[in-house]
Amino acid sequence: MKYFIGNWKMFGIPKSINILNKINSYYLKDKNRKKYRVIITPPYTLLETYSKFFKKKRISIGSQNCYQKDKFSSDTSAISPYMIKKVGAEYTLVGHSDNRKEGDTDLMLKNKVTYALKNNLKVVFCIGENKIQKSKNKTLDVLKKQITKVLNKKLNKNNIIVAYEPIWSIGTGKIPTNKELEKITIHIKKILKGIFQNKSPAVLYGGSVDGNSIKNFKEIKEIDGFLIGGASKSSKKFIDIINNYYR
Ligand code: PGA
């Protein structure tokens with residue numbers, strides 16, 4: 001099973017559901033549809049209406065983040081995994097570099113993953129090195145630390161997806177070479193197998209994925225799907241990605 005996850009970031013109002021409707025119509029007609037799953041992560045403000053609307057349809061809805069506590073607390077503006085689950089969402093991203101930049105620590109991420117899973121959300125755990133780490137050849141070490149500080153064998157691996165997103169690639173149009181990406185994906189899966197009794201969760205790639213770059217990425221069989229930012233805000237661009245992947 002491949003995943004195409006659209007991360008809307010700070011984008012969307014109620015009527016943006018039109019974009020999802022178009023993606024859903026494409027999906028229903030696509031002869032390849034059994035091979036993949038579409039997940040969209042709109043902002044918190046749209047989680048409830050979109051989750052309800054797509055409940056019996058094929059698009060799954062997730063949040064872009066969640067708070068590191070379980071249920072209710074006195075933390076102003078915080079939204080817990082419990083609250084996200086209760087409005088009907090199925091997934092949550094955890095550890096996106098935008099949120100790491102704002103101060104998410106490994107311990108906070110560990111709590112987020114733990115409470116999200118406890119509340120039956122599926123977790124898309126994001127990792128990735130920055131430009132300086134890459135230039136110092138630290139990528140593999142950085143990824144290993146990011147994974148092992150947060151994931152452990154007690155967690156339900158069936159509800160975890162890992163998304164590799166090099167920070168230098170997000171929104172920049174710069175992408176790793178196929179050789180680099182293949183090596184990194186294999187490295188990530190090896191670490192995950194070490195944690196989860198020799199079975200790796202799905203590993204996705206994210207960073208400047210669009211209808212064009214997907215033609216390179218599809219050559220790398222180890223990649224189980226994509227986390228798509230900019231190109232997920234247009235139904236045409238998002239559909240182009242899926243279309244070119246299976247072409
Ligand atoms: P991008 O963003 O596709 O716009 O590079 C990816 C992401 O941040 O998830």
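Two notes on conventions. The model is predicted, so local features need pLDDT of at least 70 and side-chain atom pairs count only at pLDDT 80 or more, while totals for chains, interfaces and linings use all residues. Residues are numbered from 1 along each chain as its sequence is written, and side-chain values use heavy atoms, with hydrogens and water left out.

Let's start at the ligand. Which residues come nearest to the ligand? They are K9, H96, E165, G171 and S208, out of 13 residues around it. Being near here means having a heavy atom within 4 Å of the molecule. By class, that shell has 3 nonpolar, 8 polar and 2 charged residues. For the classes, Ala, Val, Leu, Ile, Met, Phe, Trp, Tyr, Cys and Pro are nonpolar; Asp, Glu, Lys and Arg are charged; the others, Gly among them, are polar.

Now the polar atoms. H96 uses its side chain: an N or O atom there is 2.8 Å from an oxygen atom of the ligand. G171 uses its backbone, with an N or O atom 2.7 Å from a ligand oxygen. S208 also brings a polar backbone atom, 2.8 Å from an oxygen atom of the ligand. How much of the ligand does the protein cover? It covers 94% of the 280 Å² of accessible area that the ligand has on its own. Accessible areas come from the Shrake-Rupley method with a 1.4 Å probe; for residues, only the protein chains shown count as cover.

Two of these residues deserve a look at their backbone. Most residues other than glycine have a negative phi. K9 has a positive phi of about 55°, and K9 is not a glycine. S208 has a positive phi too, near 55°. Where do they sit? K9 is in the loop between β1 and α1 (17-29). S208 is in the loop between β7 (202-206) and α9 (214-217). Helices (H or I, at least four residues) and strands (E, at least two) are DSSP runs, numbered from the N terminus. K9 is partly exposed, because its relative accessibility is 27%. S208 is buried, because its relative accessible area is 19%. The cut-offs: buried is under 20% relative accessible area, exposed is over 50%, and partly exposed is in between, with a 1.4 Å probe and protein chains only.

Next, the aromatics. The structure holds 15 aromatic pairs. Rings of Phe, Tyr and Trp (its six-membered ring) pair if their centres lie within 6.5 Å; planes under 30 degrees apart are stacked, over 60 edge-to-face, and the rest tilted. Take Y205 and F217. They form a tilted pair, 4.7 Å centre to centre, with 40° between the planes. The pair links distant parts of the chain: Y205 is in strand β7, F217 is in helix α9, and they are 12 residues apart. Both are buried. They also belong to a cluster linked by ring pairs, with F4, Y27, Y36, Y164, F226, Y245 and Y246 as the other members.

Now strand β3. S60 sits in it. Why does S60 count as buried? Because its relative accessibility is 3%. Its C-alpha is 4.6 Å from that of I39, which is 21 residues away along the chain. Beyond its neighbours within four places in sequence, S60 is in contact (heavy atoms within 4.5 Å) with R37, V38, I39, I40, E90 and Y91. With E90 there is also a polar contact of 3.3 Å between side chains. A polar contact is a pair of N or O atoms within 3.5 Å; within protein, one must be able to donate a hydrogen and the other to accept it, and residues adjacent in sequence count only if both atoms are side-chain atoms.

Past β3 comes a loop. N65 lies between β3 (59-63) and α3 (81-86). N65 is buried, because its relative accessibility is 14%.

Two last stops. K149 is in the loop between α7 (139-148) and β6 (160-164). K149 is partly exposed, at 45% relative accessible area. M1 is in the segment before β1 (2-7). Is M1 buried or exposed? M1 is exposed, because its relative accessible area is 57%. Still, M1 has contacts beyond four places in sequence: K34, K35, Y36, R37 and D224.
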